[in-house]
Amino acid sequence: MIAETELKTGVIFGDSENQEYVYMPGSEIGVDNPMCVYESDGRRLDVDLREALRLIRVRALRHAKHPVLGKSSC
């Protein structure tokens with residue numbers, strides 16, 4: 001899946017209008033079972049890769065610029 005590969009290379013997915021983001025922290029890149037971060041409603045939740053991919057799909061998130069972390073690496 002393309003989104004999985006992009007997450008693993010540092011791409012941030014999001015919707016700036018709704019302030020909703022999914023990304024993989026740099027410290028998780030390259031580990032066997034990486035965790036991702038889902039931000040919504042001012043909260044940050046750790047989610048596994050499978051859940052991150054589901055959120056990207058059902059929320060129709062696209063490459064985005066995070067208000068603190070900046071732009072996707074892609």
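**Entry 1: His66**

I started with His66 and listed its contacts, leaving out residues up to four places away in sequence. His66 touches Ile12, Tyr21, Tyr23 and Glu39. I noted at once that this is a predicted model. His66 belongs to strand 6, residues 65-66. Is His66 buried or exposed? I found a relative accessibility of 4% for His66, so it counts as buried. I then looked for a polar partner. The side chains of His66 and Glu39 make a polar contact of 2.9 Å. Glu39 also turned up as the bridge partner of Tyr21, with Glu39 sitting in strand 3. Tyr21 is itself on the contact list of His66.

I read an open sheet of 5 strands, ordered 4-3-2-1-5, with antiparallel pairing. Which strands stand at the edges? They are strand 4 and strand 5. Each has a single partner strand, so one side of each lacks a neighbour in the sheet.

I went through two of the pairings. Strand 2 and strand 3 run antiparallel and are joined by 3 bridges. Within strand 3, Tyr38 stands opposite Val22. Strand 3 and strand 4 are also antiparallel, and I found 6 bridges between them. There, Ser40 has Arg43 of strand 4 as its bridge partner.

I checked the hairpin of strand 3 and strand 4 too. It has 2 residues between the strands, and Asp41 takes a positive phi near 55 degrees.

**Entry 2: strand 3 and Ser40**

How many residues of strand 3 are buried? I noted 5 of the 6, so strand 3 is largely enclosed by the rest of the structure. I picked Ser40, which is found in strand 3. Its relative accessible area is 15%. The cut-off for buried is under 20%, so Ser40 is buried. Ser40 touches Gln19 and Glu20, with residues up to four places away in sequence left out.

**Entry 3: helix 2**

I turned to helix 2, residues 49-58. Its buried residues are Leu49, Ala52, Leu53, Leu55 and Ile56. Why do I put them on the same side of helix 2? Because they cover an arc of only 160 degrees around the axis. Arg50 and Arg57 are exposed on the other side of helix 2.

I asked what covers those buried residues. The cover includes helix 1, strand 1, strand 2, strand 3 and strand 4. Helix 2 lies across strand 1, strand 2, strand 3 and strand 4. Against strand 4 I read an angle of about 115 degrees.

**Entry 4: the cores**

I then looked at nonpolar packing. The largest nonpolar core has 15 residues. Which of its residues touch the most other members? They are Leu7, Phe13, Val22, Cys36, Leu49, Ala52 and Ile56. Helix 1, strand 3 and helix 2 are the elements that give two or more residues to this core. Helix 2 supplies the largest share, 5 residues.

Not counting residues up to four places away in sequence, Ile56 touches Leu7, Phe13, Val22 and Leu61.

There is a second, separate core of 5 residues. Among its members I noted Ile12, Tyr21, Tyr23 and Ala64.

**Entry 5: positive phi in the loops**

Gln19 has phi near 50 degrees. Gln19 sits in the loop between strand 1 and strand 2. Gln19 is partly exposed, at 41% relative accessible area.

Ala60 is not a glycine either, and its phi is positive at about 55 degrees. Where is Ala60 found? I located Ala60 in the loop between helix 2 and strand 5. This puts the positive phi just after helix 2. The relative accessible area of Ala60 is 44%, so Ala60 is partly exposed.

**Entry 6: Val31**

Last, I looked up Val31. Val31 is in the loop between strand 2 and strand 3. Val31 is partly exposed, with 38% relative accessible area. I also took a distance to Glu17, which is 14 residues away from Val31 along the chain. The C-alpha atoms of Val31 and Glu17 are separated by 31 Å.

Notes:
Residues numbered from 1 in each chain as written. Predicted model: local features only at pLDDT ≥ 70, side-chain atom pairs only at ≥ 80, totals over all residues. Heavy atoms only, no water. Helix = DSSP H or I, 4+ residues; strand = E, 2+ residues; numbered from the N terminus. Buried < 20%, exposed > 50% of the residue type's maximum accessible area, 1.4 Å probe, protein only. Polar contact = N/O pair within 3.5 Å; in protein donor to acceptor, adjacent residues only side chain to side chain. Contact = heavy atoms within 4.5 Å. Core = buried A, V, L, I, M, F, W, Y, C linked by side-chain atoms within 4.5 Å. Arc of directions from axis to C-beta. Pairing = 2+ DSSP bridges. Axes fitted to C-alpha atoms, helices over the stretch in contact; angles between N-to-C directions.
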